[in-house]
There are 2 protein chains.
Amino acid sequence: MSGYPSNVVVVGAGFGGLRVASSLRKAAVHITLVDRRNYHLFQPLLYQVATAGLGPTDIAQPVRAILREQRNLDFRLAEMTGVDFAAKMLKTSTGNIPYDVLVLAVGGETNYFGMTTLGEHAFGLKDLDDAVRIRNHLLYMFERAVHEPDAEIGKALLTFIVVGGGPTGVECAGAFSELIRLVLVKDYLGLNIKDVRIILLEATDKVLPMFPEKLRDVAVKTLWQKFVEVRFGASVSGFDGKVVTLNNGETIAAHTMVWAAGVRAKSCVDQLGQPQDRLGRIKVLPTLQVPNHPEVYVIGDIACPETGDGMPLPMVAQVAIQQGALTAANIVRTLKGESPKEFSYKDPGSLATIGRNAAVARIGRLQFRGFFAWLMWLAVHIVFLIGFRNRLFVLINWAWDYFFYDRPIRLIMHDGNCP
Amino acid sequence: MSGYPSNVVVVGAGFGGLRVASSLRKAAVHITLVDRRNYHLFQPLLYQVATAGLGPTDIAQPVRAILREQRNLDFRLAEMTGVDFAAKMLKTSTGNIPYDVLVLAVGGETNYFGMTTLGEHAFGLKDLDDAVRIRNHLLYMFERAVHEPDAEIGKALLTFIVVGGGPTGVECAGAFSELIRLVLVKDYLGLNIKDVRIILLEATDKVLPMFPEKLRDVAVKTLWQKFVEVRFGASVSGFDGKVVTLNNGETIAAHTMVWAAGVRAKSCVDQLGQPQDRLGRIKVLPTLQVPNHPEVYVIGDIACPETGDGMPLPMVAQVAIQQGALTAANIVRTLKGESPKEFSYKDPGSLATIGRNAAVARIGRLQFRGFFAWLMWLAVHIVFLIGFRNRLFVLINWAWDYFFYDRPIRLIMHDGNCP
């Protein structure tokens with residue numbers, strides 16, 4: 001296959017897999033990067049596609065474009081179907097790929113915790129199709145509501161449930177509010193804005209658990225100021241597409257639910273025959289290697305490394321990126337006969353935005369909120385967004401929205417006919 | 001429904017319907033604009049979405065955003081299912097809409113002339129879904145070809161057939177060539193560019209029939225310079241997804257066919273019970289009114305007005321726009337008791353681009369080609385593109401492509417998994 005001493009196969013072109021590949025660009029290895037999509041997705045801005053602020057093409061970048069300069073790499077568009085650990089063979093939808101070293105980095109998926117009706121009727125928010133489906137659906141609810149003669153049905157069409165008070169849920173609820181109250185009111189003049197409800201349901205007693213209490217309170221207050229009803233201790237037990245049922249028996253008439261209350265390892269890793277934790281993550285050594293298979297590394301949302309303090313790692317981009325960098329270094333160390341190093345997570349802090357001029361930020365012990373935190377959020381997301389053109393387009397879209405109170409991507413697409 | 005003396009219902013938010021609606025903004029009428037999509041599509045640039053130069057959101061604009069300022073207009077997202085001419089009632093997927101005046105402007109669709117296997121395997125190029133499907137498919141062919149062990153299959157994967165030498169076919173073939181030869185060659189380093197074939201099949205003896213002979217020759221020469229094989233007198237009789245069959249029995253192994261060889265009136269007008277021409281267009285009076293139903297106007301791709309010279313009108317945006325303007329004027333004249341005027345088409349000329357720095361243009365008796373014609377093409381398309389933001393984004397995308405030889409939208413999307 002190559003003149004290199006080692007064939008490294010990386011599965012997944014998300015934050016983790018991409019970092020492994022790029023960190024190995026000068027290593028004496030040949031890399032095959034496998035993904036079932038031909039693009040890297042900047043997931044942190046997915047909720048902005050769902051709320052018509054950005055187009056799908058703004059936050060996706062072809063893998064081949066990102067890694068074009070890297071001569072020791074081949075990209076392969078294929079879906080992982082299994083791994084033959086004994087034969088050192090990755091099985092894919094387009095054939096087998098032998099490996100000397102395998103890195104699994106396929107990422108997470110929405111976790112409905114076995115509640116199948118939720119999976120059928122609620123929207124997840126993990127990939128571009130999810131985001132465009134939410135955008136289509138939300139806009140379609142307004143098209144229906146303005147011509148709905150029954151007032152009760154009209155209100156249910158305009159009730160938007162977001163489940164889960166993590167960053168995705170908070171950012172999504174805030175963005176819903178701004179899309180509706182700053183933009184759509186101008187499109188739907190016959191609409192009574194009082195009929196619109198956005199409800200954030202959180203099962204515990206706090207949102208944004210990774211933030212200190214003071215910032216959590218700021219976030220909740222900001223959400224209320226944006227007319228988002230924040231409900232704590234509210235566990236969802238069912239949703240049939242028209243009515244949400246809570247654990248306490250309460251029901252809310254609503255035609256839209258975004259489920260941001262759980263993530264698990266992609267279910268394709270369930271077939272690999274490796275011990276997993278309750279979120280489906282493969283239990284790996286502190287070096288991120290699979291026990292008994294030192295040539296197989298598992299990183300990101302599908303990895304559950306043994307850690308000293310027993311605390312599970314958050315399923316966020318930063319963990320995947322740091323694990324990707326360590327894995328690349330460990331592959332090089334192993335080639336040189338050195339022993340691999342253990343992973344330890346350096347938390348760079350947390351950022352979440354609730355809308356224009358409003359964000360919360362924690363960096364080490366420093367806390368920021370309001371306009372300055374929002375500027376930090378902007379800067380960090382623009383810097384980490386891959387591709388100069390994407391950065392430029394996202395920046396222009398944001399500036400457009402900011403100054404004109406307009407979200408230009410209000411298109412109902414994908415066989416975009418009315419159902 | 002309104003305090004206005006007349007209810008005008010316009011079906012279709014394409015070039016024609018939009019012009020009717022906007023031209024009536026100061027008239028004493030209430031307008032209901034009905035479309036099955038919530039956006040206006042700038043069709044002339046659709047082939048650029050198909051060839052990864054522009055994103056779908058760049059050439060679509062929400063109808064509500066375009067007509068937001070117009071107070072005498074309601075938009076309704078609905079699909080026309082029929083017309084009760086006697087009761088003056090438009091039937092739609094979301095209920096009946098009564099009218100005093102009805103304007104039908106639903107546009108055209110791909111015409112396979114009854115060849116059903118073509119409809120199943122070839123791609124039309126009439127809406128955004130078509131364009132994204134072509135983009136997905138073309139990129140996927142390259143992903144397959146680079147790992148295809150069988151050389152013959154590999155060549156078939158890289159053979160792209162465009163059928164029809166009108167502006168769409170010529171522009172599409174030229175854009176395919178530039179996408180592949182200027183951009184994708186950098187993505188697929190293992191690819192032998194000599195295996196790539198782009199074949200433009202034209203049944204008659206000329207491309208771009210609306211241009212004078214000299215410009216037609218320039219267009220053909222330019223296509224050949226871009227390695228597009230132009231074949232005249234080549235009628236397609238079948239395509240099964242792998243092999244194209246011509247009328248003379250010849251076969252070409254190819255996995256991709258874009259069918260740009262025919263347009264007809266949208267088939268939903270077949271149920272209206274009105275006399276149609278061979279392209280499904282409703283035969284209307286020179287005033288664009290339906291015979292015996294002076295309150296119903298038919299315009300654009302679905303209209304076949306009686307003309308003095310008996311020449312059918314081309315199915316292009318300019319005809320629809322001019323007919324839309326006349327119809328709005330006729331509606332106002334009729335309200336004032338005046339008689340409606342007859343339509344006569346003022347041909348503004350023709351423009352077609354074959355790629356960077358290459359276009360042909362005819363304005364009256366003036367003929368242009370090469371770089372200057374290409375600049376004219378750029379200017380005209382930017383000026384007519386609706387929405388300042390869309391203009392800006394299209395311009396940036398074009399500049400990016402022009403200077404960096406890069407088409408950034410190379411994403412395989414819509415459930416974008418490999419099949």
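Two strands count as paired here if DSSP finds at least two bridges between them. Keep that in mind for the first stops of this tour, and remember throughout that the model is predicted.

**Stop 1: a pair of hairpins in chain A**

Select S7(A) and S8(A), the latter covering residues 95–98. These two strands form a hairpin, with two residues between them. They run antiparallel and are joined by four bridges. For one of the partners, click on Lys91(A): across in S8(A) its bridge partner is Asn96(A).

The S6(A)–S7(A) hairpin has four residues between its strands. While you are there, pick out Lys88(A), whose phi is positive, near 50°.

**Stop 2**

**Stop 3: Thr307(A)**

Next, go to Thr307(A), in the loop that links strand S22 (303–305) to helix H9 (317–335) of chain A. Thr307(A) counts as partly exposed because it has 14 C-beta neighbours inside 10 Å; a buried residue would need 20 or more, and an exposed one 12 or fewer. If you like, draw a distance to Gly114(A): the two C-alpha atoms are 28 Å apart, and 193 residues separate them along the chain.

**Stop 4: chain B against chain A**

Show both chains. Chain B is superposed on chain A by a rotation of 180° with 0.0 Å of shift along the axis, at an RMSD of 0.0 Å. This is the relation of a two-fold axis.

For the interface, select the 39 residues of chain B that are in contact with 39 residues of chain A. Elements giving two or more residues to the chain B side include strand S4 (60–62), helix H3 (63–66), strand S5 (73–77) and helix H7 (167–187) of chain B. Colour H5(B) separately, as it gives the most to this side, with four residues. Colouring by class instead shows 17 nonpolar, nine polar and 13 charged residues on the chain B side.

Do the copies meet through the same surface or through different ones? Through the same surface, because 100% of the interface residues of chain B are also interface residues in chain A.

Terms used
Residues numbered from 1 in each chain as written. Chains lettered and ligands numbered in written order. Predicted model: local features only at pLDDT ≥ 70, side-chain atom pairs only at ≥ 80, totals over all residues. Least-squares fit on C-alpha atoms with pLDDT ≥ 70 in both. Contact = placed C-beta atoms within 7 Å. Nonpolar A, V, L, I, M, F, W, Y, C, P; charged D, E, K, R; others polar.
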